[in-house]
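Please read these notes with the structure open beside them.

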Amino acid sequence: MPGALQRPAVVSRVSDLIGYTPLLELASTETGSRLLLKLEMFNPTGTAKIRMARAMVTAAEEAGELRTGGRIIESTSGNTGLGLAVIAAERGYTFTAVVDNHACVDKLRGMKALGTELVYVVDDGTEELATAAREELAEDMARGQDNTIFTEQHNNPANGVGYFPVAHELNEALDGAIDVLIGAVGTGGALCGTSRELSKLISGFTVIGVEPKGSIAFGGPAHDYYQSGTGTPEGAEIGALVDFDLIDEGVKVGDVEAFATCRAVARTGLLIGGSAGGVVHEALTRLQSLPPGSTMVALINDGGEKYMDTVFNDDWMQERNLLNDEAEREIDELLSKLRRNR
């Protein structure tokens with residue numbers, strides 16, 4: 001994929017800015033192993049999910065399911081909706097997002113600012129994650145409607161295809177030197193789509209999937225969790241894009257650890273989102289045990305700017321018993337140790 005890391009100096013559409021996201025070396029060991037973060041918050045809307053939003057809409061157009069003046073409907077906790085809102089605005093479609101109050105308020109505000117119609121499946125102010133109910137309502141709204149699609153991100157093959165360019169970007173930037181790929185597992189599109197394409201380019205790398213404790217993709221027990229845009233809550237079906245044959249190991253990280261990591265990483269100058277905190281926590285925990293000279297790449301699917309009212313809000317954290325000074329201190333100390341080796 002020659003020239004994959006080059007973007008024209010001037011573009012004509014916001015979606016032309018998708019991709020080419022940078023890699024940041026967050027930490028390294030005395031034995032030369034390093035943790036690189038693929039910073040997907042440098043995409044428009046500050047998230048990786050605009051990649052698959054564009055791919056899903058393009059696939060629907062090519063299949064003749066979506067035509068001029070059409071309507072897109074999706075169930076979303078925010079980031080997919082932001083991506084679809086941009087693509088819909090550029091291409092002249094109406095976009096309806098079926099949401100719940102589990103989503104970060106800034107994501108909901110962002111979608112609305114981009115012209116999205118928000119439909120709440122639960123409108124009583126509760127923060128309950130209502131994935132199954134959202135999916136059902138979105139499907140019902142699209143059923144039988146002309147020139148209307150339910151993009152159905154959890155089961156849409158184009159979701160995974162949207163992340164194929166990530167594999168090419170990583171391969172070109174690192175000249176194939178990737179030993180471990182680690183990322184969050186929600187729809188499965190980002191991690192499995194990237195790893196599927198990357199396996200065509202290089203071999204011998206390990207894939208680690210991370211979900212919140214309480215999610216069911218890698219087994220129970222099921223319970224509520226606050227990491228948004230990731231995992232499979234009780235009552236929801238595991239998405240068709242979660243390909244267990246591509247994931248060498250599935251692990252769980254709790255909200256306390258994930259959010260403590262976000263807050264500790266922020267003190268290095270980088271804001272990352274809640275689920276990305278879980279990924280980085282697991283990556284940091286494993287880094288020192290890797291063979292000397294290993295390269296671990298963590299997919300960081302969004303930035304922390306959307307979480308000022310939640311993860312980075314002491315009052316919100318305390319009200320939910322998520323604020324843990326000791327956990328933050330442990331990550332601070334580990335980061336300090338590993339950053340001295342860079």
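1. Overall fold. This is a predicted model. The chain has 11 helices and 10 strands. Its radius of gyration is 19 Å, close to the 20 Å given by the globule rule for 342 residues, so the chain is as compact as a globular protein of that length. The C-alpha trace spans about 60 × 50 × 40 Å along its principal axes.

2. Of the 342 residues in the chain, 56% are buried. Among contacts with a separation of 6 or more, 72% are between residues 24 or more positions apart.

3. The structure holds 21 salt bridges. One of them joins the side chains of Arg 263 and Glu 328, at 2.7 Å from N to O. Arg 263 belongs to helix 8 (residues 255-266) and Glu 328 to helix 11 (residues 325-339), so this pair ties together parts that are 65 residues apart in sequence. Both Arg 263 and Glu 328 are buried. The two also belong to a network of salt bridges that links Arg 263, Arg 267, Asp 314, Glu 328 and Asp 332.

4. Two further pairs. Arg 51 and Glu 40 form a salt bridge through their side chains, at 2.5 Å from N to O. Arg 51 is in helix 1 (residues 50-62), while Glu 40 is in the loop between strand 2 (34-39) and helix 1. Both residues of this pair, Arg 51 and Glu 40, are buried. In the salt bridge between Asp 16 and Arg 13 the N to O distance is 3.6 Å. Here Asp 16 is partly exposed, at 25% relative accessibility, and Arg 13 is partly exposed too, at 40%.

5. Cysteines. How many disulfides does the structure hold? The number is zero. For Cys 104, the closest cysteine sulfur is that of Cys 262, 10 Å away, which is too far for a bond. Cys 104 is buried, with 6% relative accessibility. Cys 192 is likewise buried, at 3%.

6. A buried aspartate. Asp 302 sits in the loop between strand 10 (295-300) and helix 10 (314-319). Asp 302 is buried but has no salt bridge, and the nearest side chain of opposite charge, that of Lys 107, is 4.0 Å away. Which side chain does Asp 302 meet in a polar contact of 2.9 Å? The partner is Asn 79. Leaving aside residues up to four places away in sequence, Asp 302 touches several others, including Met 41, Thr 47, Ile 272 and Tyr 307.

Definitions and conventions:
Residues numbered from 1 in each chain as written. Predicted model: local features only at pLDDT ≥ 70, side-chain atom pairs only at ≥ 80, totals over all residues. Heavy atoms only, no water. Helix = DSSP H or I, 4+ residues; strand = E, 2+ residues; numbered from the N terminus. Buried < 20%, exposed > 50% of the residue type's maximum accessible area, 1.4 Å probe, protein only. Lys, Arg positive; Asp, Glu negative; His and termini not counted. Polar contact = N/O pair within 3.5 Å; in protein donor to acceptor, adjacent residues only side chain to side chain. Contact = heavy atoms within 4.5 Å. Disulfide = S-S within 2.5 Å. Rg over C-alpha atoms; globule rule 2.2 N^0.38 Å.
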